[in-house]
Amino acid sequence: MIIVNYTDIFLDFDDTLYDTHGNAVIALAETFEHFQLGQYFDDPEVFYDDYWKTNIDLWGRYSKGEITRDYLIVERFRHPLCVSETLRAKSEEGITEYPEGEHPISDAFRDYCLQVSDVFLDYCATKPGVIDGAHELMDYLKQKGYRLHMTSNGFHEVQYKKLRSCGLQDHFDTVILSEDAGVNKPSPLFFDYALKQSGAQKETTIMIGDNFQTDILGAKNAGLDTIFFNRWPEYPATEPVTHEVTSLKEIMNIL
């Protein structure tokens, strides 16, 4: 085995370090109460389940460049809200025309979806929850002298708030976001941008992430070594990786 002396580490943020899903579960319930959506849904779980299915699908399409940021923000709430027949009818009130291929939605309801999204993201961004071992790992890597670079497809205005909320903002030497790169992970262009912005070299950089498609295959195709943080057994690695772990603490035995 070739031993590589790494100097730089690219780290995914959402659901690798920051407990995005766990924090969002809490924020979604708060949003449901804020907008009194119980008047439209007898069972909140109907709304929650549709939100998660829709959100996973949209982020997958967004990472591939198939949809825009603006479409994602509106659609991830339009779809679950319109499970309610009452809200579906409201969403179509006053429509005269709409872009081909998009779901019919009035300007007023689009604004409503944006309001729901803004409140939800504000709730999300205030949550401090991290994945077990995140602070210990980041302290360890910093003390070892690695240069640490956050590499994320998350939205600019939200990611910096989440960094402050969870207390990890001072651990990163560079914050690299897809909105600044102009392209999302897993595109090799994202990793080219990340290398340029961080000043890192491919040969001495390793990528850590939980999403096999965007983080691991993206980095691998860009010529980087990888550590696959396999949190989701239902989504196993489909190709060989440099390292695979099931907890963040295991990474301390590698680096």
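Let me start with one residue. Asn211 lies in the loop between strand E4 (205-209) and helix H10 (212-221). With a relative accessible area of 33%, Asn211 is partly exposed, because that label covers values between 20% and 50%. Lys142 is 69 residues away from Asn211 in sequence, and the two C-alpha atoms are 23 Å apart in space. Please keep in mind that this is a predicted model.

Now the whole chain. The secondary structure comes to 10 helices and 6 strands. The radius of gyration is 20 Å, close to the 18 Å that the globule rule gives for 255 residues, so the chain is as compact as a globular protein of that length. Along its principal axes, the C-alpha trace spans about 65 × 35 × 30 Å.

How much of the chain is buried? Buried residues make up 47% of the 255 residues. Next, contacts between residues at least 6 apart in sequence: 67% of these join residues at least 24 apart. The accessible surface comes to about 12,600 Å², and carbon and sulfur atoms account for 49% of that. As for charge, the chain has 22 positive and 43 negative charges, and their mean positions are 4 Å apart.

Glu93 sits in the loop between helix H4 (85-91) and helix H5 (107-125). Is Glu93 buried or exposed? Its relative accessibility is 53%, so Glu93 counts as exposed. Glu93 and Ser106 are 13 residues apart along the chain, yet 6.2 Å separates their C-alpha atoms.

The buried residues in H5 include Phe109, Tyr112, Cys113, Val116, Phe120 and Cys124. Look at the spacing in that list with the geometry of a helix in mind. An α-helix has 3.6 residues a turn, so residues three or four places apart point the same way. Also buried in H5 are Ser117, Val119, Leu121 and Ala125. What covers the buried residues of H5? The cover includes helix H1 (20-34), helix H2 (44-63), helix H3 (69-81), H4 and helix H7 (156-166).

Last, some backbone details. Most residues other than glycine have a negative phi, and most peptide bonds are trans. Here are some exceptions.

Asp15 has a phi near 65°, a positive value in a residue other than glycine. Where is Asp15? It is in the loop between strand E1 (8-11) and H1. At 15% relative accessibility, Asp15 counts as buried, because the cut-off for buried is under 20%.

Gln36 also has a positive phi, near 50°, and is likewise a residue other than glycine. Its place is in the loop between H1 and H2. Gln36 counts as exposed, at 57% relative accessibility.

Then there is a peptide bond. From Lys185 to Pro186 the bond is cis, with omega near 20°. Pro186 is in the loop between helix H8 (178-181) and helix H9 (188-198).

To recap the backbone part: Asp15 and Gln36 have positive phi values, and the bond from Lys185 to Pro186 is cis. That is the end of my part.

Terms used
Residues numbered from 1 in each chain as written. Predicted model: local features only at pLDDT ≥ 70, side-chain atom pairs only at ≥ 80, totals over all residues. Heavy atoms only, no water. Helix = DSSP H or I, 4+ residues; strand = E, 2+ residues; numbered from the N terminus. Rg over C-alpha atoms; globule rule 2.2 N^0.38 Å. Buried < 20%, exposed > 50% of the residue type's maximum accessible area, 1.4 Å probe, protein only. Contact = heavy atoms within 4.5 Å. Areas by Shrake-Rupley, 256 points an atom, 1.4 Å probe, with all protein chains shown as cover. Lys, Arg positive; Asp, Glu negative; His and termini not counted. Charge placed at Lys NZ, Arg CZ, Asp CG, Glu CD.
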